[in-house]
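Trainee: I would like to go through the labels used for this model and ask what each one rests on.
Mentor: Go ahead; the structure comes up here.

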Amino acid sequence: MYKKNNITLGIETSCDETGIALYDSSHGLIGHKLYSQIDLHKQYGGVVPEIASRSQIEKIPIILKEVLSNHTITLKDIDTVAVTNRPGLPGSLLVGITTAKTIAWIYNKPLIGVDHLEGHIFSSFLENKVPFPHLCLTASGGHTAIYYVEDFGIYKPIAQTRDDAAGEAFDKVAKLMGLGYPGGPIIEKLAQAVHFEDFFSYPRASIDIIDFSFSGLKTAILYDLIKREAFDPSTKTFLKKEDQLFISQVASSCLVAIGDIFIAKLTMAYRLFPNIKAITFVGGCACNRYLRSRIAALSDTLNLSFYFPSPQFCTDNGAMIALVGSYKAEQGKYASYELDINDTV
Ligand code: KG4
Ligand code: ZN
């Protein structure tokens, strides 16, 4: 039977981060810790799955111990163990699930499987009380979608990406110009230097359909770079490494194009669900101040409130998994100890 003050341990290892958090059903987030692997993957220009899971297996006991000792909570005091079981890199997901099952089995605690995307969708609730129903735009390196969110755990996809995610587009465009990984924050900084202007009017592919498609944008930018003699396709080399202004103009034009696409899709989604009370923007791309200001302006025009998590909860984290685990415990949505990666939860 669910009791007040249910403490949920949340574990997130779906991609390259290792996140652990404690969530109290009455008081909210108690503590959380994240180990980011960005530095490990930087040199490869993207996440290398085996490096990710090997690092997670090393770091997870350290982070777990830190979170517990910071809050003088023992594993015995925990009521529920929640873990991301889908979607993600199989090796990474297995590290989290094996840890969660071990704790649950030894201390005889119930286990909860959490869909990583549900974690992002409800991440705005870590710091705010968001009204239902609302639209949630989630955009990161692995996913870009709009959801109609009716209540805790009740949501449906309205728009999804047909190919690349928005964050992936930032990462790929940054890679084209040899700018490093992850591309999103670098592109934002460069675009800011030229005041977020649109210099090259890249095509806003599939602007009239509600689903997203970003691979066309990346290809259009590549062809435009070739046309401007800034990229040699035979050697795959960016030729204007010294031209800071040009690099900033490409970055800014790319960011504005993605901003326009977000606004167009959200406007379409709003027309389908004019009863919504708010818009939320979550996932790694929600760290972007320009994109947030565009969506804030749209929300203002539509007379809606607008919410986004602070940057530490936009990117992958254990706190959002603990929060979802907490309300799923309240709803009695437990998993069996046979929980596997990619099981529907
Ligand atoms: O949520 P997240 O940490 O991991 C995934 O689930 O993918 O998101 C990482 C993605 C990367 O593609 C990164 O380029 C993007 O979020 N990102 C940004 C910004 N910060 C991170 N995109 C745009 N602007 C940013 N400031
Ligand atoms: Zn994510």
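Trainee: What makes the space taken by ligand 1 a pocket?
Mentor: The space taken by ligand 1 is the largest pocket. On a 1 Å grid over the protein atoms alone, a pocket is an open set of points with protein on both sides within 12 Å along at least five of seven lines, whereas in a cavity a 1.4 Å probe fits but cannot get out. A molecule sits in a pocket if more than half of its atoms lie within 2 Å of the grid points.

Trainee: What conventions apply to this model?
Mentor: This is a predicted model, in which local features need pLDDT of at least 70, side-chain atom pairs count only at pLDDT 80 or more, and totals for chains, interfaces and linings use all residues. Residues are numbered from 1 along each chain as its sequence is written, chains are lettered from A and ligands numbered from 1 in the order in which they are written, and side-chain values use heavy atoms, with hydrogens and water left out.

Trainee: Why is the pair between Glu188 and ligand 1 called a polar contact?
Mentor: A polar side-chain atom of Glu188 lies 2.8 Å from a nitrogen atom of ligand 1. A polar contact is a pair of N or O atoms within 3.5 Å (within protein, one must be able to donate a hydrogen and the other to accept it, and residues adjacent in sequence count only if both atoms are side-chain atoms), so the pair qualifies.

Trainee: Why is Glu338 called exposed?
Mentor: Glu338 has 63% relative accessibility. Exposed means over 50% relative accessible area, buried under 20%, and partly exposed in between (1.4 Å probe, protein chains only). Glu338 therefore counts as exposed.

Trainee: And why does Phe196 count as partly exposed?
Mentor: Its relative accessibility is 25%, so Phe196 falls in the partly exposed class. Phe196 also has a positive phi of about 50° although it is not a glycine.

Trainee: Which class does Asn303 belong to, buried or exposed?
Mentor: Asn303 counts as exposed because its relative accessibility is 73%. Phi of Asn303 is near 65°, again a positive value in a residue other than glycine.

Terms used. On a 1 Å grid over the protein atoms alone, a cavity is a set of points where a 1.4 Å probe fits but cannot get out, and a pocket is an open set with protein on both sides within 12 Å along at least five of seven lines; lining residues have an atom within 4 Å of a point.
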